[in-house]
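Morning, everyone. Please bring up the sequence and the model on the screen. I will be quick.

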Amino acid sequence: HCEPGTLTARADREKVQQILLNLLSNAVKFTERGGRVQVHSRGDGDRVRIAVRDTGIGIEAEKLDSIFEPFVQVGRALNRPSEGTGLGLAISRDLARGMGGDLTVQSELGVGSTLTLELPRAEGDA
């Protein structure tokens, strides 16, 4: 779902692709068959926001602050081993911040998660 018109962010294309690939991979990994993964983009003043929303397992409220820490894998369960090292979100947030943006999360256990990449809007893009 995209806002009508063109949104242009001031960012490094390869870094944005790396972040979005990580967010989409996580959303798919933690969403059961029949669930949904959606991408939404919109302009918000001088910012561009790209949200990856899923209907997956969600994250416990007390663990939300830790998901951007290196090597943290809050979705790992004994019956569902998770691939990866737990570095993807930490690296993604660092990349976003290095481009003048941020990466944030909203989640509810058993309902799903939304991770939002916020980047500076390119000048002249209104």
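I will go through confidence, strands, salt bridges and one surface patch.

First, the ground rules. This is a predicted model, where local features need pLDDT of at least 70, side-chain atom pairs count only at pLDDT 80 or more, and totals for chains, interfaces and linings use all residues. Residues are numbered from 1 along each chain as its sequence is written, and side-chain values use heavy atoms, with hydrogens and water left out.

Confidence next. pLDDT is the predictor's confidence in each residue, on a scale from 0 to 100. The chain average is 88, and 86% of the residues score at least 70. Residues 77–81 stay under 50. For that stretch the model has four contacts beyond four places in sequence, a contact being heavy atoms within 4.5 Å. Where pLDDT is low, the predicted coordinates should not be read in detail.

Now the strands. Helices (H or I, at least four residues) and strands (E, at least two) are DSSP runs, numbered from the N terminus. Two strands pair if DSSP finds at least two bridges between them. Look at β4, residues 112–120. Eight of its nine residues are buried. Buried means under 20% relative accessible area, exposed means over 50%, and partly exposed is in between, with a 1.4 Å probe and protein chains only.

Which strands does β4 pair with? One is β2, antiparallel, over seven bridges. There, Ala51 stands opposite Thr116 of β4. Another is β3, residues 102–108, also antiparallel and joined to β4 by seven bridges. Ser107 has Ser113 in β4 as its bridge partner. β3 and β4 form a hairpin with three residues between them. In the turn, Gly110 has a positive phi of about 80°.

On to charges. Side chains of opposite charge can pair when their charged atoms come close. The rule for a salt bridge here is a side-chain nitrogen of Lys or Arg within 4 Å of a carboxyl oxygen of Asp or Glu. The count is six.

Which residues form the network of salt bridges? Arg42, Asp44, Arg47, Arg49 and Glu118 are linked in it. Take Asp44. Asp44 meets Arg42 at 3.6 Å, N to O, and Arg49 at 2.9 Å. Asp44 is partly exposed at 32% relative accessibility, and Arg42 is partly exposed at 42%.

Arg49 also meets Glu118, at 2.1 Å, N to O. Glu118 lies in β4 and Arg49 in β2, so this pair ties together parts that are 69 residues apart in sequence.

Is Arg47 buried or exposed? Arg47 is buried, at 17% relative accessible area. Arg47 sits in β2, residues 47–54. Not counting residues up to four places away in sequence, its contacts include Arg42, Gly100, Glu118 and Pro120.

Last, the surface. Leu24, Val28, Val37 and Val39 make a nonpolar patch of about 270 Å². Patches take residues with over 30% relative accessible area and no salt bridge, joining like charges within 9 Å and nonpolar side chains (Val, Leu, Ile, Met, Phe, Trp, Tyr) within 5 Å. Areas come from the Shrake-Rupley method with a 1.4 Å probe, and for residues only the protein chains shown count as cover. α1 (13–29) and β1 (37–44) each supply at least two residues of the patch. Leu24 is in helix α1, and at 31% relative accessibility Leu24 counts as partly exposed.

That is the tour.
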